[in-house]
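Here are a few notes to go with the structure, for someone opening it for the first time. Keep the viewer open while you read.

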Amino acid sequence: MPVSSPAPSGLADRLDHLDESRWAGLVGKLDLADKVRLLTGATLWALPAEPRLGLHAVVASDGPQGVRGTGEVPGETGLLAPAPSATAATWDTALAERLGRLFAAEARRKNVDVVLAPLVNLQRTPVAGRHFECLSEDPLLSGALGAALVRGLQEEGVAACLKHFVANDSETDRTRYRARIDARTLREVYLAPFERIVAEAGPWSVMGAYSGLDDGIESAPVLEHRRILRGVLKDEWGFDGAVISDWAATQTAAPTADAGLDLVMPGPDGPWGAALVDAVERGEVDETVIDDKVLRLMRLAARVGKLTDPWTPGEQPPPLPSAARPAPAGESEFAALREVLTRGTVLLRNEQSLLPLNPGRLGSVALIGPNAVEPYLQGGGSAYVPAVRTVGYTDGLRAALPDDVTLTVCRGGSSRRHAPFIDPDRLTGLHAACLAADGTVVGEEVRPTGNWGFFRVPDDVHDVVLTGRVTLAEEGTHILEFGCAGRFTVVLDHDVVHAGADDRGIELILESSHNHPATHRHTVRVGATPVELRLRIDLRVVDGEGYGRFVTAHLRHRPPGPTVEDEIAEAVEAARAADVAVVVIGTNEEVESEGWDRPDLELTAQQHQLVRAVAAANPRTVVVVNAGAPVLLPWADQVPALLWQWLPGQEAGHALADVLLGHAEPSGRLPWTLPARATDVPVPHAVPVDGVVDYHERLHIGHRAYDRAGIAPAFPFGHGLGWTTWSYVAAEAPEPSVPVQLPCPAGGDGLPVTVTLTNTGPRRGREVVQAYLEAPAAPGEPVRVLAGFTVAEAGAGETTTVTLTVPWRTFHTWDDVHGRWRPRTGPCRLRIGRSSRDLLLDIGLDIGPGRSPGDSGQGPTPRPAR
Ligand code: BGC
């Protein structure tokens, strides 16, 4: 079989001769152990090479906020895009595809072949730690945008790795829990984005999740779940790429190999190797299963240009198909990221058109808030990218405001629950002694920092002892905070102040206890004389297997200082004196990260105090939320203007200035629902009970749950304003022109619906036209589901007609008795509007037996818009 998916541009000629039918012959010349060796990574990021197959090392790197690279180039930085939910907020597949291309170029710059993105798990609960990395709470929106990102990457010859297959929607105990999901919900909600992307964009790899799945028939870790990996993904959907394990997720040999996992990452150590060879020799795994995995690896390599003619081991390999290295990223890439962010920024509220500001009429601006001075640009965890540059809010606004406009900046309190890392000037170094198992010193290092997070040690190190002195000079109350992971003791002078006895290895690292260790607070009162404390921290090394060996110690300190009240009073003064107050509040790395879920949706109380006080002092107050996932804004309807600017990535300040000053329209729409109260949240946590996360809400994810319960959110799914207003004039659905046979296709083809709308406001603008399908009310059925969307654009006073597509799949439900898609029957309504709660036009669709779109080729009868 020839390579079926599109070949990388410029590589097509070279790939022509890579006829897969020859590959089996080459693979047949390798012995079993050689073949199995190829199926575990060679390093943390690279897969093995094999001259006899013409296989060069395929290299992976995280996504999805950029392409981090493999860390081999010291000090390497890269483009830092807005977190994925900001991209989703554009609801724009063309823009997402362009972003995919930009990531592909970045990958090529860093010699990366596989970008571990996009992440199309769903935002089932707003407290999910990786919420910011997901696209949306909605399966249709996630699938459409995910497919666009994959297309963008792969059309440039870089593989996407769609993750995390499947239902890894929360972090608590992520390597142990099983998601219990009924068959229909699994198909219609959690598998849906993966299925659509596989059908529409053909991803070259998929990452199998850490977590487990109980679909009512088989309960197993996903990597051992034969029904889902082999059965659904490969056999039923025809996925021809490689299934790669999440990093260090593979626990067993035969069960995972047989279930459908193809490649174990990272390496070189791992549970396959000799154990898998034995399993094949014992007849537990068929050797053809191994051969298929090698072929999938070769296919992946061929697609990214890493498969050539075989060469003799020890000799020079043939040159790789030429893929020109893109020029270093610069202004045009920065501008592209800035555009993604302005397009994704959501204007939630804009009373009396406070925004955009008129720079010509401004004398002074007060920029206020903890996140104004310390923006949170990206979420924590594996998505982290060291940014090539960052533009904070102060710099962005200063650059955009006319020179004669005064800009005052003040913090006005903190967004943090923890103290900051200790000021190095208060430390007499911190000396690390690395000890072997017998206690001999095998290495030493001195670093003037309180951040010994993820401190990597060589293989022969068993313990690390940190010693130093801490000087606290100012009179008053000082807070010291110690955060360590694993087995440790912290001794201050002669007292043990903190200790831990967790002897887990890799699990400790995977649950991110290392970058978010539980902390202990210690209070020290200092009088007229400075205090010097002796500190000793004993740390047992944690063996992170493929990841390396680590210890973690955080030393934080809060000196006596201005009270919150003082800081807020200063901010109020600044606001009062300015023409406009811009308050930036939000989260930080304590709050949003891979590795843990949030306990709640609360911001620090000081931030609420700050917003209320500033808004009372200046009626021209704009609040900007710098957060990836929902936070509660109890004052939302009392501030004149409210913007959601996400975890904005490197161009934060420029993009905010563009929006505030009206150089760009904030045309984002919420890709999730913002709750008004904690008690309204349908799934307020995702803590496993007896190892199970029960998806009891079934089909009612996100906005569907609010509709079912009749609860008004603070701002609904799909909501967002802009610089203009729109009138929806008409909508029409013709007979479907493409007759589709059952089984119903999973891609984006479907019923075209045309919508005519007029820009009734003063400026050119962009509108996201949304369609929701309402089936007749029935117990357990969603009130409405998102059925399609498109972006419209028009000048002031102009009328435009756009077409959106309702995928055929939307007209079907999963029949779990017969295990197949079944057309919905009866009258349905297609409701069209600006958000899930602002529906302006209706089309009646009559879907009778045998007359469903995708059933017999006869489509729903068109009805005029109301
Ligand atoms: C994450 C993946 C990531 C991988 C490699 C894992 O901990 O779950 O999303 O791609 O690490 O960094």
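**Notes for a first look**

1. Let's begin with a pair of helices: α5 and α6 cross in a right-handed way. Keep in mind as you look that this is a predicted model. Helix α5 covers residues 93–109 and helix α6 covers residues 139–155. Their axes come within 7 Å, and the crossing angle is roughly 35 degrees.

2. Which residues make the contact between α5 and α6? On the α5 side, look for Thr93, Ala96, Glu97, Leu99, Gly100, Arg101, Phe103 and Ala104. On the α6 side, they are Ala144, Leu145, Ala148, Leu149, Arg151, Gly152, Leu153 and Glu155. Sorted by class, the contact has nine nonpolar, three polar and four charged residues.

3. Next, the ligand. There are 14 residues around it, and Asp62, Arg130, His164, Tyr210 and Asp246 come nearest. By class, the shell around the ligand splits into six nonpolar, two polar and six charged residues.

4. Which side chains put a polar atom by an oxygen atom of the ligand? Arg130 is one of them, with a side-chain N or O atom 2.8 Å from a ligand oxygen. His164 has a polar side-chain atom 2.7 Å from an oxygen atom of the ligand. For Tyr210, the distance from a polar side-chain atom to a ligand oxygen is 2.8 Å. How much of the ligand does the protein bury? On its own the ligand exposes 310 Å², and the protein buries 96% of that.

5. Now for some backbone geometry worth a second look. Most peptide bonds are trans, and most residues other than glycine have a negative phi. The bond from Phe165 to Val166 is cis, with omega near -5 degrees. You'll find Val166 in the loop between β3 (159–165) and β4 (178–180).

6. Stay in that loop for another point. Ala167, also placed between β3 and β4, has a positive phi of about 65 degrees, although this residue is not a glycine.

7. Where does Pro266 sit? Look in the loop between α10 (254–259) and α11 (273–281). Pro266 is joined to Met265 by a cis peptide bond, and omega there is about -5 degrees.

Methods
Residues are numbered from 1 along each chain as its sequence is written. This is a predicted model: local features need pLDDT of at least 70, side-chain atom pairs count only at pLDDT 80 or more; totals for chains, interfaces and linings use all residues. Side-chain values use heavy atoms; hydrogens and water are left out. Axes are lines fitted to C-alpha atoms, for helices over the stretch in contact, and angles run from 0 to 180 degrees between N-to-C directions. Helices (H or I, at least four residues) and strands (E, at least two) are DSSP runs, numbered from the N terminus. A crossing is left-handed if the near helix is turned anticlockwise from the far one by less than a right angle, and right-handed if clockwise. Contact means heavy atoms within 4.5 Å. Ala, Val, Leu, Ile, Met, Phe, Trp, Tyr, Cys and Pro count as nonpolar, Asp, Glu, Lys and Arg as charged, and the others, Gly among them, as polar. A residue is near a molecule or strand if one of its heavy atoms lies within 4 Å of it. A polar contact is a pair of N or O atoms within 3.5 Å; within protein, one must be able to donate a hydrogen and the other to accept it, and residues adjacent in sequence count only if both atoms are side-chain atoms. Accessible areas come from the Shrake-Rupley method with a 1.4 Å probe; for residues, only the protein chains shown count as cover.
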